[in-house]
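Please keep the sequence and the model in view while reading.

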Amino acid sequence: MILKYLFDRIVSLIGLLVLWPVLVTIAVLIAIRKPGGSVFYKQLRVGRNGKLFTIVKFSTMRDDYSGSTVSVAGESYITSLGAFLRRRKLDELPQLWNVLIGDMSFVGPRPDVPGYADKLQGESRRILQLRPGITGPASMKYRDEEELLATVENPQEYNDTVIYPDKTRINLYYLDHYSFAKDIQMIVCTVLGKRMKYGEEII
């Protein structure tokens with residue numbers, strides 16, 4: 001995966017250089033909407049080989065929120081600007097820094113919080129061989145996850161028993177059928193908000 005590694009470093013650096021006006025604009029808007037509040041959201045996540053790292057996103061929640069890690073669309077703890085940023089995935093842009101320093105890749109499994117990574121047992125733990133990604137086949141399939149969880153009675157239970165096991169299955173498939181060309185296709189489809197065929201399903 002040398003080509004993937006080089007692509008991540010070069011493109012993330014170019015992305016930061018090109019998009020810095022967008023990053024600064026979003027940061028200023030958040031600071032205006034949340035006077036004295038945090039502009040960035042930082043959280044420990046599990047990376048490659050189980051190593052912990054700090055993921056960086058734009059803040060989309062009230063600073064006093066300390067509830068579930070499972071996000072549901074329409075929840076009151078998400079700010080109006082935060083909801084806009086989430087819909088367009090703009091809150092993920094600071095993760096270009098995580099890619100540049102090697103904590104993440106553009107494409108891969110989304111990084112779990114430590115408690116969820118502990119759910120990976122046996123064969124599933126092979127997923128930790130991968131650097132976590134900004135996008136990936138599982139996150140593309142569940143790009144409307146927050147809206148989906150808003151329709152079920154128990155979002156946490158549905159995530160743990162339905163969504164998470166399916167994401168694990170997809171991420172194992174990604175590990176075993178890696179293709180740089182598919183990585184590029186996933187990046188393009190993510191940016192354009194398009195679906196694509198992956199394996200035997202549409203993501």
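**Briefing on the predicted model**

Apart from its neighbours within four places in sequence, D8 is in contact (heavy atoms within 4.5 Å) with V99, M104, S105 and F106. The model is predicted: local features need pLDDT of at least 70, side-chain atom pairs count only at pLDDT 80 or more, and totals for chains, interfaces and linings use all residues. Residues are numbered from 1 along each chain as its sequence is written, and side-chain values use heavy atoms, with hydrogens and water left out.

**The setting of D8**

- D8 belongs to helix α1; helices (H or I, at least four residues) and strands (E, at least two) are DSSP runs, numbered from the N terminus.
- D8 is buried yet takes part in no salt bridge. Buried means under 20% relative accessible area, exposed over 50% and partly exposed in between, with a 1.4 Å probe and protein chains only.
- A salt bridge is a side-chain nitrogen of Lys or Arg within 4 Å of a carboxyl oxygen of Asp or Glu.
- For D8, the nearest side chain of opposite charge is R9, 4.4 Å away; Lys and Arg count as positive and Asp and Glu as negative, while His and the chain ends are not counted.

**Helix α8**

- Helix α8 covers residues 180–192, which is 13 residues, and spans 19 Å from its first C-alpha to its last. This is close to the 18 Å expected at 1.5 Å a residue, the expected span being 1.5 Å times one less than the number of residues.
- At the start of α8, a side-chain oxygen of S179 comes to within 3.4 Å of the backbone nitrogen of A181.
- Just after α8, G193 adopts a positive phi of about 70 degrees.
- D183, M186, I187 and C189 are the buried residues of α8. They pack against α1 (2–33), β3 (105–107), β4 (133–135), α5 (137–141), α7 (155–176) and β5 (197–198).

**Salt bridges**

- The whole structure contains 11 salt bridges.
- In one of them, the side chains of K4 and D183 meet at 2.8 Å, N to O. Because K4 lies in helix α1 and D183 in helix α8, the pair ties together parts that are 179 residues apart in sequence.
- K4 is buried at a relative accessible area of 8%, and D183 is buried at 3%.
- D144 and R195 also form a salt bridge, at 3.6 Å, N to O. This pair links distant parts of the chain, with D144 in the loop between α5 and α6 (145–149) and R195 in the loop between α8 and β5, 51 residues apart.
- D144 is partly exposed, with a relative accessible area of 44%, and R195 is partly exposed at 41%.
- A network of salt bridges links K141, D166, R169 and E201.

**Nonpolar cores**

- A nonpolar core is a set of buried Ala, Val, Leu, Ile, Met, Phe, Trp, Tyr and Cys residues joined through side-chain atoms within 4.5 Å.
- The largest nonpolar core has 27 residues, of which I30, F58, M186 and M196 touch the most other members.
- At least two residues of this core come from each of α1, β2 (52–58), α2 (80–87), α3 (95–100), β3, α7 and α8. The largest share, five residues, is supplied by α1.
- Leaving aside neighbours within four places in sequence, the contacts of F58 include L23, I26, A27, I30 and V39.
- A second, separate core of nine residues includes V46, A117, L120 and I127.

How values were computed:
Polar contact = N/O pair within 3.5 Å; in protein donor to acceptor, adjacent residues only side chain to side chain.
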